[in-house]
Amino acid sequence: MIERNDFSMKKVGIIMGSDSDLPVVDKAIDTLKDFGVPYEVHVFSAHRTPIQAAEFSKNARQNGFGAIIAAAGKAAHLAGAIAANTTLPVIGIPVKSSTLDGLDALLSTVQMPAGIPVATVAIDGAANAALLSIQVLAVEDKELAKKLDDSRKAASEKVLEKNKAVEAKFNG
Ligand code: RP5
């Protein structure tokens, strides 16, 4: 385990297929901010700007990234196209942006052939995508791992308080 002083934290790359994905992606950005994890945000499309998407992915490791989040809707090939060009962990967010309620994006993102994995979160699951990327970086970062533990603990405490209120109301 590396102490924070010995090491400068890797960045998370957040790529979206269109700026229309931003309202979903915002939750990933907010989560990374909350944990103090450095990030970059780009709009690169697997279909409209495939050369830029590939260039980013090919150079991501040497440019200091430790994980990449890729958000796209409709025929959502973006996460797979990025994963094709890097061995960094790629986390796909299927975005609900179509008449099919995001099911098209979910299947396009999750159904990767063996050899090129994409870790797919729920439709519009941007907060979990960010948390998973933080967990990837925390494998080698004690301080970040502690922040994750603290955050889980705070979330549990909130639920326990809600439970108390519900129990008091219904169980007397
Ligand atoms: C995908 O197509 C994008 O990721 C977006 O979710 C969807 C629609 O894009 P726009 O037509 O709104 O630019 O490539």
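These are some numbered notes on the structure above, for someone meeting it for the first time.

1. **What kind of model this is.** The model is predicted, so to speak of a local feature a pLDDT of at least 70 is needed, side-chain atom pairs count only at pLDDT 80 or more, and totals for chains, interfaces and linings use all residues. Residues are numbered from 1 along each chain as its sequence is written, and side-chain values use heavy atoms, with hydrogens and water left out.

2. **The overall layout.** The protein has 6 helices and 5 strands; these are DSSP runs numbered from the N terminus, with helices being H or I of at least four residues and strands being E of at least two. Going along the sequence, you get the pattern β-α-β-α-β-α-β-α-β-α-α. The C-alpha trace spans about 60 × 50 × 30 Å along its principal axes. Of the 172 residues, 40% are buried. Here buried means under 20% relative accessible area, exposed means over 50%, and partly exposed is in between, with a 1.4 Å probe and protein chains only.

3. **The core.** A nonpolar core is a set of buried Ala, Val, Leu, Ile, Met, Phe, Trp, Tyr and Cys residues joined through side-chain atoms within 4.5 Å. The largest one here has 25 residues, and V12, L32, V37, I69, I93, I134 and L144 touch the most other members. Two or more residues come from each of strand 1 (11-16), helix 1 (22-34), strand 3 (65-73), strand 4 (90-95), helix 5 and helix 6. Helix 5 gives the most, with 6 residues.

4. Have a look at F65, which sits in strand 3. F65 counts as buried because its relative accessible area is 2%. P94 and A126 are 32 residues apart in sequence, with 9.0 Å between their C-alpha atoms.

5. **D141 in its loop.** D141 is in the loop between helix 5 (126-138) and helix 6 (142-171). With a relative accessible area of 0%, D141 is buried. A polar atom of the D141 side chain lies 3.0 Å from the backbone nitrogen of L144. That is a polar contact, meaning a pair of N or O atoms within 3.5 Å; within protein, one must be able to donate a hydrogen and the other to accept it, and residues adjacent in sequence count only if both atoms are side-chain atoms.

6. **Around the ligand.** Which residues are around the ligand? They are G17, S18, S20, D21, R48, A72, G73 and S97, where being near means having a heavy atom within 4 Å. In the side chain of S20, an N or O atom is 2.6 Å from a ligand oxygen. R48 has a polar side-chain atom 2.8 Å from an oxygen atom of the ligand, while for G73 a polar backbone atom is 3.0 Å from a ligand oxygen. On its own the ligand has 360 Å² of accessible area, and the protein covers 77% of that. Accessible areas come from the Shrake-Rupley method with a 1.4 Å probe, and for residues only the protein chains shown count as cover.

7. **Salt bridges.** Side chains of opposite charge can pair when their charged atoms come close. A salt bridge is a side-chain nitrogen of Lys or Arg within 4 Å of a carboxyl oxygen of Asp or Glu, and the structure holds 2 of them. In one, the closest N and O atoms of E40 and K11 are 2.9 Å apart. E40 lies in strand 2 (residues 39-43) and K11 in strand 1, so this pair ties together parts 29 residues apart in sequence. E40 is partly exposed, at 28% relative accessibility. In the other, K146 pairs with D150 at 2.8 Å between the closest N and O atoms. Both K146 and D150 are in helix 6, 4 residues apart, or about one turn of the helix. K146 is partly exposed at 48% relative accessible area, and D150 is partly exposed at 38%.

8. L100, L103, L107 and V110 make a nonpolar surface patch of about 360 Å². Patches are made of residues with over 30% relative accessible area and no salt bridge, with like charges joined within 9 Å and nonpolar side chains (Val, Leu, Ile, Met, Phe, Trp, Tyr) within 5 Å. L103 is in helix 4 (residues 103-110), and L103 counts as partly exposed because its relative accessibility is 48%.
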